[in-house]
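Q: Please take a close look at one part of the structure below, then place it in its wider setting.

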Amino acid sequence: MNCFETRNEFAALWRKTATPDRRAELLEHLRGCDKCDHAFRLFALTAPVLHSDDVPAAPASGSACREYPFDSPARRVVPIARRTAVAPRWMAVAAAALLMLSGTAAYLSARMPAESLSDALSSGDTDLNNNSANQGDLFGPDQPAKVDDFAS
Amino acid sequence: MLGLSAARKMTGWSLEAKADEQLIAEVLEGNSASFTELAARHRSRIERLCRRFFRDDETARDLAQESFLRAFAALRDYRAEMPFGGWLRAIVINLCYDELRKRRRRPEELIADFSAPEANWVQLVNDATPEQIVGEAQERREAYDLAHQLLDSLRPEDRMVMVMKETEDMSVSEIAQALGWSEAKVKIRAFRARQSLRKQAERMLKLGANAAVRS
């Protein structure tokens, strides 16, 4: 009996429907194969629901306490491990939008002049009131008048 | 006719199929007492199926009762192409699926520690021989409770597929038909259910081994 066949027979072993020969083969394989043995132990954890037809009766009240002292450390039931808080999807979208907005604002503020136009006009230390200089700045250097052209 | 007999053979609900149809005809003619007989005939199977999904006996009984009510209300829609048992099972499965979704637990939830009987059972599964495990499991309620706890960690869809495949021996196409899913979805769910269950069972065995070391 190989591993594949063995694992297919777990349910029969659990339900006790395997023939004695088959059962003996199965158990023999389980004794010699660690992987199948481990797989059977995993199977055994869910088999009471998935592969048993009868539900074992619940223990009579108090019997568990008699069998296992109440102060036994193993009796403590630790609260169920809660899932770590996961932020909802909309929060991620909002955070991304906020990041984009702040990035855009930073970019624009870097590109814009620090002083506004009115501040620049009111201050006297600029060349904005000097028309010739301004004209020169704006349209290129002034050409010197050619006197010789009028002399004749 | 061949298809019907094959379907009956597959579902394993064939023994009373013919008589079921007679009873249904009587109910449809106005004899509602025949439905009581019909329900009595299928009650234990239906309750057992509900117990595969819900640990609580009362919930299982309530769901079984609810499914009979639904079956009674929809009896006129029943077509004899499939056995009554299969039709009823589809109603139960959908009802249990709805209930599982309603009380959906987080998949990651798994108890971090066990009560003493549960710890003993996990320790036994870790250490005993397969024969001993099989022998002991029938007597231990905690084995049943822990198995439910493991299955509770699955998503409702995964659990549905797992139970239908493992306990009802339903094929992929039968599951797909019962749940109104594609076959590909059933296969994916079955794969994920197995993976997830294996992971959780490994974790449970480790916890059991650690608990044994501590004690």
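Which residues does Val27(B) touch, not counting residues up to four places away in sequence?

A: This is a predicted model, in which local features need pLDDT of at least 70 and side-chain atom pairs count only at pLDDT 80 or more, while totals for chains, interfaces and linings use all residues. Residues are numbered from 1 along each chain as its sequence is written, and chains are lettered from A and ligands numbered from 1 in the order in which they are written.

Val27(B) touches Ser32(B), Ser34(B), Phe35(B) and Leu75(B), leaving out residues up to four places away in sequence. Contact here requires the C-beta atoms of two residues, placed from the backbone, to lie within 7 Å. Val27(B) is part of helix α2 (residues 17-28) of chain B. Helices (H or I, at least four residues) and strands (E, at least two) are DSSP runs, numbered from the N terminus. Val27(B) counts as buried because 20 other C-beta atoms lie within 10 Å. The cut-offs, with C-beta atoms placed from the backbone, are 20 or more other C-beta atoms within 10 Å for buried, 12 or fewer for exposed, and values in between for partly exposed. From Val27(B) to Leu38(B), 11 residues apart in sequence, the C-alpha to C-alpha separation is 9.6 Å.

Of the 215 residues in chain B, 36% are buried. Among its contacts between residues at least 6 apart in sequence, 69% join residues at least 24 apart.

Elsewhere in chain B, helix α5 (residues 84-102) has a number of buried residues, among them Phe84(B), Trp87(B), Leu88(B), Val92(B), Ile93(B), Cys96(B) and Leu100(B). At 1.5 Å a residue, the 19 residues of α5(B) should span 27 Å, and the end C-alpha atoms are 27 Å apart, which agrees. The expected span is 1.5 Å times one less than the number of residues.

Two packed helices are described by the angle between their axes and the distance between the axes. For α5(B) and helix α9 (residues 156-166) of chain B, the axes come within 9 Å and cross at roughly 145 degrees. Axes are lines fitted to C-alpha atoms, for helices over the stretch in contact, with angles from 0 to 180 degrees between N-to-C directions. The crossing of α5(B) and α9(B) is right-handed; a crossing is left-handed if the near helix is turned anticlockwise from the far one by less than a right angle, and right-handed if clockwise. On the α5(B) side, Ile93(B), Tyr97(B), Leu100(B) and Arg101(B) meet Pro156(B), Arg159(B), Met160(B) and Met164(B) of α9(B). By class, this contact has six nonpolar, no polar and two charged residues. Ala, Val, Leu, Ile, Met, Phe, Trp, Tyr, Cys and Pro count as nonpolar, Asp, Glu, Lys and Arg as charged, and the others, Gly among them, as polar.

In the loop between α9 and α10 (172-179) of chain B lies Asp169(B). Asp169(B) is not a glycine but has a positive phi of about 50 degrees. Most residues other than glycine have a negative phi. Asp169(B) is exposed, since 12 other C-beta atoms lie within 10 Å.

Chain A has nine helices and zero strands. In chain A, 14% of the 152 residues count as buried, and 43% of contacts between residues at least 6 apart in sequence join residues at least 24 apart.

The largest nonpolar core has 63 residues, and those with the most contacts inside it are Ala44(A), Leu45(A), Cys50(B), Ala147(B) and Leu150(B). Helix α4 (residues 34-50) of chain A gives the most to this core, with nine residues. Such a core is a set of buried Ala, Val, Leu, Ile, Met, Phe, Trp, Tyr and Cys residues joined through C-beta atoms within 7 Å. Neighbours within four places in sequence aside, Leu45(A) is in contact with Val125(B), Leu146(B), Ala147(B), Leu150(B), Ala201(B) and Met204(B).

Lys16(A), in the loop between α2 (10-15) and α3 (20-32) of chain A, has a positive phi of about 60 degrees although it is not a glycine. Lys16(A) counts as exposed because it has 10 C-beta neighbours inside 10 Å.
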